[in-house]
Amino acid sequence: MRVKAICILLLLFGAQFCSANDDFVTLRETVKKSVADSKTAFTFYETMKALDTKNKPILIGYKAMSELLLCKHVISPISKLSHFKRGRVLLEQAISEDMGNAELRFYRYCTQLNVPGMLNYSGNLKEDKAFLLSFLAAQSKKPKKDVDLY
């Protein structure tokens, strides 16, 4: 149930987290699809593994998500733990490089909300929730652009 709620939030607010660049829209859709589809998750992982992410915190964050989402689809507990550890390190690195990036903070919040307690990865839930609520409040106060329907 939590995963569905996270996907809905991602769809509702994902467009506000970064620029409306098509590449990021595609990456967000891939993250969403990777939750339920193992083939998409493995393809996403292979794509991100080969990508140069130096000095690009958002891409490091997507690489982290490719690792973390793969945990849901691999069978071996050792593989699950290995992907989790790599994803966690990458996600924390990305956030430390860009603390103000709401999309990265959202991914960490969702991850911490959904991982088993025995993995001891829930230390930022309150902080990230407060950050995201503040971010959304600030976004809602911005003037809305007119939609060109023609």
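**Figure 1. Ring pairs link Phe24, Tyr62, Phe106 and Tyr107 into a cluster in this predicted model.** Rings of Phe, Tyr and Trp (its six-membered ring) are taken as a pair if their centres lie within 6.5 Å, with planes under 30 degrees apart called stacked, over 60 edge-to-face and the rest tilted; by this rule the count comes to four aromatic pairs. The rings of Tyr62 and Tyr107 have centres 5.8 Å apart and planes at 65°, so this pair is edge-to-face. Tyr62 belongs to helix α4 and Tyr107 to helix α6 (residues 102-114), so the pair ties together parts that are 45 residues apart in sequence. Tyr62 and Tyr107 are both buried, where buried means under 20% relative accessible area, exposed over 50% and partly exposed in between (1.4 Å probe, protein chains only).

**Figure 2. Phe84 and Tyr121 form an edge-to-face aromatic pair.** The two rings lie 5.8 Å apart from centre to centre, with 80° between their planes. Because Phe84 lies in helix α5 (residues 77-97) and Tyr121 in the loop between α6 and α7 (125-141), the pair ties together parts that are 37 residues apart in sequence. Phe84 is buried, with a relative accessible area of 6%, and Tyr121 also counts as buried, at 3% relative accessibility.

**Figure 3. Arg105 lies over the face of Phe131.** Arg105 is placed at 4.2 Å from the ring centre of Phe131; a charge sits over a ring if NZ of Lys or CZ of Arg is within 6 Å of the ring centre and within 35 degrees of the ring normal.

**Figure 4. Helix α3 (residues 38-50) packs with helix α4 (residues 57-70) at an angle of about 140°.** Their axes are 9 Å apart, the axes being lines fitted to C-alpha atoms over the stretch in contact, with angles that run from 0 to 180 degrees between N-to-C directions. Contact means heavy atoms within 4.5 Å, and the residues of α3 that meet α4 include Phe42, Tyr45 and Met48, while those on the α4 side include Leu59, Tyr62 and Leu69. By class, this contact has 10 nonpolar, one polar and three charged residues. The chain has seven helices and zero strands, helices (H or I, at least four residues) and strands (E, at least two) being DSSP runs numbered from the N terminus.

**Notes to all figures.** Residues are numbered from 1 along each chain as its sequence is written, and side-chain values use heavy atoms, with hydrogens and water left out. In this predicted model, local features need pLDDT of at least 70 and side-chain atom pairs count only at pLDDT 80 or more, whereas totals for chains, interfaces and linings use all residues.

Terms used: Ala, Val, Leu, Ile, Met, Phe, Trp, Tyr, Cys and Pro count as nonpolar, Asp, Glu, Lys and Arg as charged, and the others, Gly among them, as polar.
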